[in-house]
Amino acid sequence: MIWNASKPKYSSYSSPPPQPKYSAVKKIPFTSQTFPLYLAPMAGVTDKVFRQICKRFGADVVVTEFVSAEGIFRRNQRTREYLDFSAAERPLGVQLFGANATHMAEAARQVIDWVAPDFIDLNFGCPVNKVVAKNGGSALLKDCACLASVTRAVVRAAAPLPVTAKIRIGWDATSINAVSVSKILQECGVAALAVHGRTRGQGYSGEADWHVIGEVAQSISLPVIGNGDLFSAQDVARRRAETSIAGAMIGRAAMSAPWIFQQIKAYLTSGELLPGPSLEIRWQIIVDHCIAQVETWGAEDPAMRAMRSRLMAYSRNMPEAKALREKLQHVCAIDDVRRVAYEHLARNSVPAFAA
Ligand SMILES: Cc1cc2nc3c(=O)[nH]c(=O)nc-3n(C[C@H](O)[C@H](O)[C@H](O)COP(=O)(O)O)c2cc1C
């Protein structure tokens with residue numbers, strides 16, 4: 001089987017020499033690069049297996065899916081899975097959400113004792129009703145006093161480990177307050193700030209407002225990581241040129257193309273536009289992902305059912321994407337995916353597979 005190799009064959013990228021630009025960055029165990037690329041935290045997507053794939057393709061910093069402070073206290077199986085990571089993923093942050101400063105500080109302490117991440121990240125951007133109903137995530141953008149008390153408490157509890165934060169630009173279009181929020185966060189001792197250029201009201205619709213991200217980067221001395229609608233290497237280069245962001249965070253684009261990190265790095269370093277991997281290699285990456293997922297879950301059927309949405313994302317930029325999606329949404333086994341791959345490669349005339 002050509003795609004049983006454990007590592008993607010896609011060429012590896014060598015990092016530029018370390019030249020830390022911000023003093024705060026030195027305190028954070030980033031990979032001393034001038035422009036780190038983050039894999040955005042995405043619940044249900046950026047689990048251990050996917051983070052490792054992105055890491056292999058050049059993501060510099062990864063963050064866990066968000067975990068509630070209460071989840072940490074319960075320490076159930078779910079929470080264990082959220083917090084599980086391997087040394088290869090470092091530097092890694094554990095993302096926490098919650099609105100109770102005492103609980104959040106205690107949760108941070110427990111996480112540090114338990115799994116020793118490289119930093120704690122505070123989620124002030126989640127738009128989901130269930131979270132904002134309890135005053136968590138982006139709800140704190142409307143309650144700056146609470147946001148400040150949570151941040152101060154966690155910074156104190158986590159010290160000397162750095163604490164970072166991720167925000168949206170405001171609650172809605174009438175209350176865009178990312179600049180004032182970022183000043184509060186800086187004042188409270190946050191070491192770096194990721195800004196998703198949408199309001200909570202936008203959800204994932206409309207466009208990320210990079211003007212506001214640029215204003216935030218101008219207004220504070222912390223490294224600001226720009227996030228929102230970065231779908232290509234050129235997108236990142238353009239936003240980097242237009243703003244004084246210190247790094248970029250990639251979310252949805254990585255779901256369908258985890259190799260994007262390599263492409264961004266090549267483009268930023270040499271202006272070279274790397275083509276995406278061949279169809280054959282893409283299928284190899286996909287099947288490898290399935291194998292790793294099944295190994296992690298220890299049971300093929302539920303692991304593959306959970307993989308279906310991930311397979312949809314991978315198929316997005318492939319030929320015959322619609323027909324592929326229809327097939328992939330019914331897979332229950334790795335061999336089902338292999339079968340789809342063989343047929344797809346044969347139809348799309350890869351010589352080794354054409355009849
Ligand atoms: C499925 C999904 C889950 C997400 N889960 C989280 C999360 O747990 N924590 C968080 O801070 N942001 C979360 N986000 C937001 C992303 O981190 C990111 O800010 C957003 O997708 C915009 O970046 P993009 O345009 O590169 O996708 C999630 C986004 C998606 C699509």
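At what angle do the axes of helix α8 and helix α9 cross? In this predicted model, the answer is roughly 35 degrees.

## The chain as a whole

The protein chain contains 16 helices and 9 strands. It has 355 residues, of which 47% count as buried. Taking the contacts between residues at least 6 apart in sequence, 67% join residues that are at least 24 apart.

## Helices α8 and α9

Helix α8 covers residues 178-187 and helix α9 covers residues 210-219. Their axes come within 9 Å, and the crossing is right-handed. On the α8 side the contact is made by Ala178, Val179, Ser182 and Lys183. These meet Val212, Glu215, Val216 and Ser219 of α9. By class, the contact of α8 with α9 has 4 nonpolar, 2 polar and 2 charged residues.

An α-helix has 3.6 residues a turn, so residues three or four places apart point the same way.

## Helices α14 and α15

The crossing of α14 with α15 is right-handed.

From α14, the residues in contact are Arg308, Leu311, Met312 and Ser315. From α15, they are Ala321, Leu324, Arg325 and Leu328. The contact of α14 with α15 divides into 5 nonpolar, 1 polar and 2 charged residues.

Glutamate 320 is in the loop between α14 and α15. Its phi is near 55 degrees, which is a positive value in a residue other than glycine. Glutamate 320 has 13 other C-beta atoms within 10 Å, so it is partly exposed.

Helix α2 spans residues 48-56. Its buried residues are Lys48, Val49, Phe50, Arg51, Cys54 and Lys55. Two strands are among the elements that cover these buried residues, β1 (37-39) and β2 (61-63). The cover also includes the helices α11 (252-256), α12 (260-270) and α13 (279-297).

Glycine 58 follows α2. The phi of glycine 58 is positive, near 110 degrees.

## Surroundings of the ligand

There are 22 residues around the ligand. Those that come nearest are Ala40, Met42, Phe66, Gly251 and Arg252. By class, the shell around the ligand has 10 nonpolar, 8 polar and 4 charged residues.

## Loops with particular backbone angles

Which peptide bonds are cis? One runs from arginine 90 to proline 91, with omega near 0 degrees. Proline 91 lies in the loop between α4 (77-83) and β4 (92-97). Another cis peptide bond joins alanine 159 and proline 160, and its omega is about 10 degrees. Proline 160 is found in the loop between α7 (144-158) and β6 (163-170).

Arginine 75 has a phi near 50 degrees, a positive value in a residue other than glycine. Its place is in the loop between α3 (69-74) and α4. With 12 other C-beta atoms within 10 Å, arginine 75 is exposed.

Technical notes. Residues numbered from 1 in each chain as written. Predicted model: local features only at pLDDT ≥ 70, side-chain atom pairs only at ≥ 80, totals over all residues. Near = placed C-beta within 6 Å. Nonpolar A, V, L, I, M, F, W, Y, C, P; charged D, E, K, R; others polar. Buried ≥ 20, exposed ≤ 12 C-beta atoms within 10 Å, placed from the backbone. Helix = DSSP H or I, 4+ residues; strand = E, 2+ residues; numbered from the N terminus. Contact = placed C-beta atoms within 7 Å. Left-handed = near helix turned anticlockwise from the far one by under 90°. Axes fitted to C-alpha atoms, helices over the stretch in contact; angles between N-to-C directions.
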